[in-house]
Amino acid sequence: MGFDRRFTLGLIFRISVLLLALMAVVWAFRTPSLVMVRVVAIGLSLLAAAALWRHVARTNLELARFLEAVRLGDFAAHFPEAGGAGFGTLGAALNDAIRRLREQRGQIDAELRFKDALIDDMPIALLTIDGGRVEPGNKAARALFTRHAGVRPEDYATYGATFARRLADEGASGEEMLILNLDGRAKRTLVRQATLNRLGRRTRAVVVQPVQETLDAVEMAAQTDIIRVLTHEILNSLTPVMSLAQTTATLLSNDQVDAARIADAREAAMTLARRTQGLGHFIDSYRVVAREPTVVQHAFAATEFAEEHARLFRAEWPNVTLHVNASPLSIHGDRALLSQLLLNLLRNAAQAASEHRPDPAVTLTIAPAQPLMIEVADNGPGVPAKLRQEVFLPFFTTRAKGTGVGLNLARQIAVAHGGTLEVHEAPGGGALFRLLL
């Protein structure tokens, strides 16, 4: 640094002058008849000592002024940038440091003003408790708590006795749901408390967020969604049932009913009975919204299960070719719920294939694997890779008339059985849904 070199050179020069002056004093006192020389030598020594002192003291003075300005936060202080021996450089360096500190303080003040404005405009009410005083910390709190006077916790009892006790409890923390009397009505409110350190003092922050309107909206939306799910699934099961019922009526309407017609009608009636029983079990399983599908596992034949759904499928989709490949094995699971899952997959496959090409085809495969594998493939457009997770989300659909609940329900049933339901690309194109149990 230039200041260091110049200051050092100036210090060496002044020390040298002082030493020479002192040597002259000693020489003058040892030599007789040199009274005037003695006076001059002593004067030069005093001047050299004063110059040395001023040289060293000026640096200390400038640094002391700088430190005092920093201590007092006086960032308007200015240091002279003129003078020899590098003091101009020192003044410029100190002025630059003051300027940087002034800029940093401006940035900190601007950030504090932003955070103060952010907290004040935050839409969630904030209360602060310091030394037993409860005070609103932002606009939302001042607008929410308007029916009390005072700053004590008990003054807030008008909004709720439990709320006032929580404010008075210095050890309270965490969050809880309370019923508060706000805006003239009782509202469920989420109250969160935390302890902070403010300038060495223990301060509590209490966030009060009314959630009654949000919960009401969510409840209404959930009820609507449940109705959509149940309507979708019930109609999904009733369509093939109605078709089989019409087929049975047609078989028995002829005056001359032969044994073959009676056998076909009996088979159709048995299928109708099983399907209606399964529909009833499905409705019972979803009667309680908060409860997952109740799985009642038992063993049943895979071939008979596949043939039953093939009849249901052909009754609803006579123009769609269905290929069935079912191994002679037993399926362990809830037959009614798995039937609901399979009907969803078959219907989606038939719709996708029939809307995509003139020769729609669907393949149902039940094969032994570790675990058991049930696949439904179609020759439709397939599912893009980026949508293969989204298709299982509730109410997600790519069809104009779709409801977006079938695949979500199918995955719920798979998970309830401890299995997985995935979508892949079929070997010949199209979509392939694979259930592993």
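View 1. The axes are lines fitted to C-alpha atoms, for helices over the stretch in contact, and angles between N-to-C directions run from 0 to 180 degrees. Helices (H or I, at least four residues) and strands (E, at least two) are DSSP runs, numbered from the N terminus.

A word on the model: it is predicted, so to speak of local features takes pLDDT of at least 70 and side-chain atom pairs count only at pLDDT 80 or more, while totals for chains, interfaces and linings use all residues. Residues are numbered from 1 along each chain as its sequence is written, and side-chain values use heavy atoms, with hydrogens and water left out.

**View 2. The sheet itself, strand by strand.** Five strands make up an open sheet with mixed pairing, in the order β7-β9-β10-β12-β11. At the edges sit β7 (321-326) and β11 (420-425), each pairing on one side only. From one strand to the next, the twist averages 15 degrees. Strands β7 and β9 (residues 361-367) run parallel and are joined by six bridges; Asn325 sits opposite Thr365 in β9. Two strands count as paired if DSSP finds at least two bridges between them.

**View 3. Strand β1 and its two partners.** On one pairing, β1 meets β5 (residues 201-210) in the antiparallel sense over six bridges. Its pairing with β2 (residues 133-136) is antiparallel too, with four bridges. Asp130 takes part in both: Thr203 stands opposite in β5, and Arg133 is the bridge partner in β2. Two residues lie between the strands of the β1-β2 hairpin, where Gly131 has a positive phi near 65 degrees.

View 4. Ile15, Leu19 and Leu22 make a nonpolar surface patch of about 250 Å². Ile15 belongs to helix α1 (residues 2-30) and is partly exposed, at 36% relative accessible area. Areas come from the Shrake-Rupley method with a 1.4 Å probe; for residues, only the protein chains shown count as cover. Patch residues have over 30% relative accessible area and no salt bridge, with like charges joined within 9 Å and nonpolar side chains (Val, Leu, Ile, Met, Phe, Trp, Tyr) within 5 Å. A salt bridge puts a side-chain nitrogen of Lys or Arg within 4 Å of a carboxyl oxygen of Asp or Glu.

Note on methods
Buried < 20%, exposed > 50% of the residue type's maximum accessible area, 1.4 Å probe, protein only.
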